[in-house]
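Please open the model in your viewer and keep the sequence beside it, so that each selection below can be followed in turn.

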Amino acid sequence: ITGCTTGGHWAGGLLDRDSFVETMVAWAPTVVCGRARLGGVPIGVIAAQTQTVQVIRPADPADAESKQEVLSQAGQVWFPCSAHKTAQMIKDLQAED
């Protein structure tokens, strides 16, 4: 999204070089949220993750038989936590001047 260096040469992306900063990284990984610059103008970024991601569900400390689980979540799907993360990002961006 911001480009990359391939074979020692810079291949530009959509956003300004080194401007993208992802927020809420570990939470709801099927949605990518962050801030960046596009032509020098600050913008908010909300994008669906297109790949399947691994989500760790911790064990319940109140249940002795509970165990940590690793779950796969499909990309391009807005799960409840993804929808909440998206709404929170929009709210945060609206609060800025």
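Select strands β4 and β5 to begin: in this predicted model they form a hairpin with two residues between them, and Gly 39, which sits in the turn, has a positive phi of about 65°.

Next, select Ser 19, in the loop between β2 (9–12) and β3 (21–23). Is this residue buried or exposed? Ser 19 counts as buried, because its relative accessibility is 16% and the cut-off for buried is under 20%. Display its side chain and look in two directions: a polar atom of that side chain lies 2.8 Å from the backbone oxygen of Asp 16, while the side chain also reaches the backbone nitrogen of Arg 37 at 3.2 Å. Setting aside neighbours within four places in sequence, the residues in contact with Ser 19 are Arg 35, Ala 36 and Arg 37.

Finally, select Arg 57 and Glu 69, which form a salt bridge whose closest N and O atoms are 3.3 Å apart. Arg 57 belongs to strand β6 (residues 53–57) and Glu 69 to strand β7 (residues 69–73), so the pair ties together parts that are 12 residues apart in sequence. With a surface displayed, compare the two partners: Arg 57 is partly exposed at 46% relative accessibility, and Glu 69 is likewise partly exposed, with a relative accessible area of 36%. The count of salt bridges comes to one.

Technical notes:
Residues numbered from 1 in each chain as written. Predicted model: local features only at pLDDT ≥ 70, side-chain atom pairs only at ≥ 80, totals over all residues. Heavy atoms only, no water. Pairing = 2+ DSSP bridges. Helix = DSSP H or I, 4+ residues; strand = E, 2+ residues; numbered from the N terminus. Salt bridge = Lys/Arg side-chain N within 4 Å of Asp/Glu carboxyl O. Buried < 20%, exposed > 50% of the residue type's maximum accessible area, 1.4 Å probe, protein only. Polar contact = N/O pair within 3.5 Å; in protein donor to acceptor, adjacent residues only side chain to side chain. Contact = heavy atoms within 4.5 Å.
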